[in-house]
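Dear colleague,

I am passing the structure below on to you, and my notes on it follow. Please read them alongside the model.

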Amino acid sequence: MDEFELEDNLEFLLQSIQELMEENHPFGEASQSEIFASLVSHGQVNMLPDVSVEDVASGKDLQGIPWEKMVFERRHYRDMKMKNYRNYQNLSYAREDALQECKQVENDSPYYDFYYNTRRARPSIVHFQLRNLVWATTKHDVYTMHNQSVTHWSSLEQTSTELINADDCIVPKQRGHGSQSVAMVQVTTMAVDGNLLVVGGFQGELICKRLEEDGVVFSTRVTDDENAITNSLDIYEDPSGSRRLVAANNDCSIRIFDIECFDLLKHYVFPWSVNSVSVSPNGKLFAVLGDHEDGLVVDPKCGKAIGALKGHLDYSFASAWHPDGNILATGSQDTTCRLWDIRNLSQSVAVLGGRMGSIRCIKFSQDGRFLATAEPVDFIHIYDSYTDYSKSHEIDLFGEIAGLSFSPDAEAFYVGIADQTYGGLIEFHKRHQHHYLNCLW
């Protein structure tokens, strides 16, 4: 994993517009100075109001972007972005090579409809390759982070509550077991399950909070290595029924903790930085991805690889398991998501291509119906597993995507957009095709 910062979006837009204007003046009679002034004035808005479904029904953009005041239309923005976006690659290859195996996918009618966009829980991103900063534990309760403040958003009460201020000196309630104070933590990733919230930091920090208790129960730095970023977290139940936490770090390691006393139980080292670890539903397998084009399926009891995932052309940063435990999805910087049947890993069973960029976040709905993938910017894809992933709903937005999450009942879907002006936490509701049937039962 590389230690780079996010691009300045406004600078990118201005540069891209200038390139386009030099090619046949695509924005008509508008002068270059008028376009620049338009963008700069709209980029200086401090806090825009929330956007509701009623606002959108009356013609407002769901992100609150005032297209009617812009010199050019939304489609011109989109054409510009598609033309000028450059996906980040660690390895050298032609994107066409990555896409040649992609499945033909039909654009379907929306599976989820826009409902609400709040600025009060707008997420922010520390590391441009890590986009797992949105977690929904119910259809009304979402956890995210903004400027090192880990927050809970209640869509029911329309309130945002700070749970952890990672800029503060955090003194854990638990002593011993490697627990230590941490401060000025740059939050890179998070996970929430049951009553436990865990966040990871840029210097290898772990911060654990029980949601029903005040304060932080456990915090530490898992390593003193200079290259220590906590890249990925997963909370799971092992085959014995014990609750565990697994952390993947840039020091080529994954570490397993119990979540009662937070003792370090296992520490496994790999040949490359580990960018993502996810656990199978039965707790018997880890998917381990990192700074290599191939991924691994690992036995968590011993840390040994029992299978290889060969097919991606670049480093990978995301994975998720279908609830039935047979299908594993992996996302790579080669702009594809690959699906693997864990019973036969000789080749992937499907390849799903993105529109512009890397696949940085992947989530399955808990009922197994939908698979959602997020690119670094603008595009989210929701695939219907009931059609063998041959149909999808594409959500087209503008801005850096900080994360996405289905609610456990799959009735709500949340997307975090980390844009300084038009960012927000966007709530979608599942579309039910036959509303009239609901009133019969």
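Asparagine 132 lies in the loop between strand S3 (112-118) and strand S4 (134-136), strands being DSSP runs of E of at least two residues, numbered from the N terminus. This is a predicted model, in which local features need pLDDT of at least 70 and side-chain atom pairs count only at pLDDT 80 or more, while totals for chains, interfaces and linings use all residues. Residues are numbered from 1 along each chain as its sequence is written, and side-chain values use heavy atoms, with hydrogens and water left out.

Leaving aside residues up to four places away in sequence, asparagine 132 touches Thr189, Met190, Cys361, Lys363 and Ala402 (contact: heavy atoms within 4.5 Å). With the side chain of lysine 363, the side chain of asparagine 132 makes a polar contact at 3.4 Å (a pair of N or O atoms within 3.5 Å; within protein, one must be able to donate a hydrogen and the other to accept it, and residues adjacent in sequence count only if both atoms are side-chain atoms). Asparagine 231 is 99 residues away from asparagine 132 in sequence, yet their C-alpha atoms are 9.2 Å apart in space.

**Cores**

Met190 and Leu245 have the most contacts inside the largest nonpolar core, which has 32 residues (a set of buried Ala, Val, Leu, Ile, Met, Phe, Trp, Tyr and Cys residues joined through side-chain atoms within 4.5 Å, buried meaning under 20% relative accessible area, with a 1.4 Å probe and protein chains only). A second, separate core of 21 residues includes Tyr111, Phe114, Ala372 and Ala374.

With regards

Definitions and conventions. Helices (H or I, at least four residues) and strands (E, at least two) are DSSP runs, numbered from the N terminus. Buried means under 20% relative accessible area, exposed over 50%, partly exposed in between (1.4 Å probe, protein chains only).
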